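Please open the model in a viewer and keep the sequence at hand.

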Amino acid sequence: MRAATRRRTAAGAAAGAVLAWTLAPVGPATAAPAAEGDGRSSLVMVLDSSGSMAEDAGSGRTRMEAARSAVGTVVDSLPDGYPTGLRVYGADRDTGCTDTRLLTPVEPLDRSGLKQAVASVKPKGDTPIGYSLQKAAADLPPAPAGAIGTRTILLISDGEDSCGTPEPCEVAEQLAKDGVGLRIDTVGFQVRGKAREQLECIAEAGNGRYYDAPDAASLARQLQRASQLSADGYRLKGTRVEGTATRDRAPKLVPGQYLDTIGPGEERHYAVDLDALSTASFSATVVPQPGAKVDMLDALSTRVEKGDSRCDLNTQFFSQHEGATPLTSAVLRVPSEEGKRTCDEAGRYRLIVERKSQADSDAARWPVEMTFGVEAPPAAGTKLAQSQPEYGKGDKDAAVPAGDPKDIRGGTGFNDAREIGPGVWRDRLLPSQTLWYRVPVGWGQQLRYDVEFANEPTVKGYGGASSYGASEVYTPGRHPVGGGTGEFDPRTVYNGRPAKIELGTVPVSWTNRHEHHPNVLPVHTKGGFYIAVTLGARAAEIAENPQIGVVLRVAVLGDALAGPQHGAPVAERTATDRDDSPGRADSGGTGGAGWTGTAAAAAAGGAVVLIAGTVLVLVRRRAANRTTTTETTRRSA
């Protein structure tokens, strides 16, 4: 980082510097039950079986025959046990606006049963889409108390509603507003004009995406994409908490991981007690339905306040309108070296999350996953190493590993991020999807990586439209530090041809926390750094294959040191070197991010707000009262 040349040293006891992250469930902060996203999602397909599905699909088969084949492809690609059901309409009577039937209930995936059920369907009657959507919503089992998951209706139709009442778009809008986590995706099979407009309207109103399928091959491809997005959604984790709309009666948090929801234009307030010495970190990740409608100016904002003083502010914008992805923003409370600010004092602090939305953007409530952690101050008497505000050997010209890639599968979010190390890794990515990886980085080390999007065949009739590929890198405390660097660009145009992103961090140093640049300050503790890779929603209109190939070339530069102190020796490699991230997959307790491995859960709290999956461009400046304000423009990752 060329703009920040100042290096800092600190005297103080570094012998016990620790970031204590307590994951859910935790303490008496809330009475709500612990909740996880795993196993809480489900899918019901709604298949058009009206008379028009008996027509020729242009390949010597009827549309219904093509649909049967496509449904078979979908069920073969879904994970074992994923709750899946099938509803049809227009299959039983020549006419009738209540002609809809649940062929297979939403239960753990029965591949043979679903294939047999769809094979028995004969196209016959009308197209009661609105009424069938109402029934399909009731088919999906509700999430258990305290849980948040994705409940997906996947509508496949070759025409518009023929009944008029209830009006399908109005039904979709009402269903989307009735609960968190419901989405309606639509696939238009050989549709145009009013039929396509109606299916697009249903998807937009239902927090989902419209997929166009002009032929049998594209029908199978688009169904596979939509169903896999349902099955591979972000797996939320945390203790349920309900923030308040104002500072009054805000719930008190202790270090841990939490889940809440937030609607358009809302603020959610929380309270924490901090001492005068500890660094505190708070993160919030909003998780909209993949591809849901967002505006470039839609944003997530987080801040830390004490009394009337603002200690830190961070605002992240989507800065694209292809469709929603997870969005992450983060704030810190770092005691100043002088210790004379209001935000250096011990006492009650407020953590605030705000969602900013345009009038025509997604109106659904979004899950918010939050982490709150504290880091004890260094013990007196140890001189800390200099800060590391420069990229140095980890700049954009740094060498990354070459050679043949190893196949892996990224996680759905922070909680199940796939752990990887230096090397070359290959994965596959859906349009509107973000995949997550975790890389251990030690004291004195820095992460440097490339993301390469593959050369893919384009769909028949491709007219040159483009989408985007993006990436973001997060610290162990989930602070995004990949954008706004002046060194790297976290986004690239994707049009089916090879494309590349280069990203990295400055070296990890305890005293980075006293720097001013937002891409340096958070890189102040060792642990698992996260890589998020996103493909834009419009890639569904470009690529012929359901998934797009992606290669990660990952380097961890420098030797890991035994601690943050000046002159620390090279660390001995131990098993615990790979187990010190607050968001480690399947972690259920504390995870030390410091160099002693001891926890300080009773110390201070702090605030970091995260928006998973989108790329952020950050600018941090000192305010007049010497608190820190961060204004952020985020480009979707």
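Select Tyr 494 to begin: in this predicted model, its relative accessibility is 0%, so Tyr 494 counts as buried. Phe 453 belongs to strand 24 (residues 446–453) and Tyr 494 to strand 26 (residues 491–494), so that the pair links parts of the chain 41 residues apart.

The structure holds nine aromatic pairs. For another of them, select Phe 318 and Trp 366: their ring centres lie 6.0 Å apart with the planes at 85°, so the pair is edge-to-face. Phe 318 is found in the loop between strand 15 (309–317) and strand 16 (327–333), whereas Trp 366 is in strand 18 (residues 366–375), 48 residues away. Phe 318 is buried at 0% relative accessibility, and Trp 366 is buried at 4%.

Now select Tyr 234, Phe 414, Trp 436, Tyr 474 and Tyr 530, which ring pairs link into a cluster.

Finally, turn to helix 2 (residues 111–119), where Gly 113, Leu 114, Ala 117 and Val 118 are buried. These residues lie on the same side of helix 2 because they cover an arc of only 125° around the axis. Against which elements do the buried residues of helix 2 pack? They pack against strand 4 (42–48), helix 1 (63–77), strand 5 (84–89) and strand 6 (100–107).

Key: Residues numbered from 1 in each chain as written. Predicted model: local features only at pLDDT ≥ 70, side-chain atom pairs only at ≥ 80, totals over all residues. Heavy atoms only, no water. Buried < 20%, exposed > 50% of the residue type's maximum accessible area, 1.4 Å probe, protein only. Helix = DSSP H or I, 4+ residues; strand = E, 2+ residues; numbered from the N terminus. Arc of directions from axis to C-beta. Contact = heavy atoms within 4.5 Å. Phe/Tyr/Trp six-rings, centres within 6.5 Å; stacked < 30°, edge-to-face > 60°.
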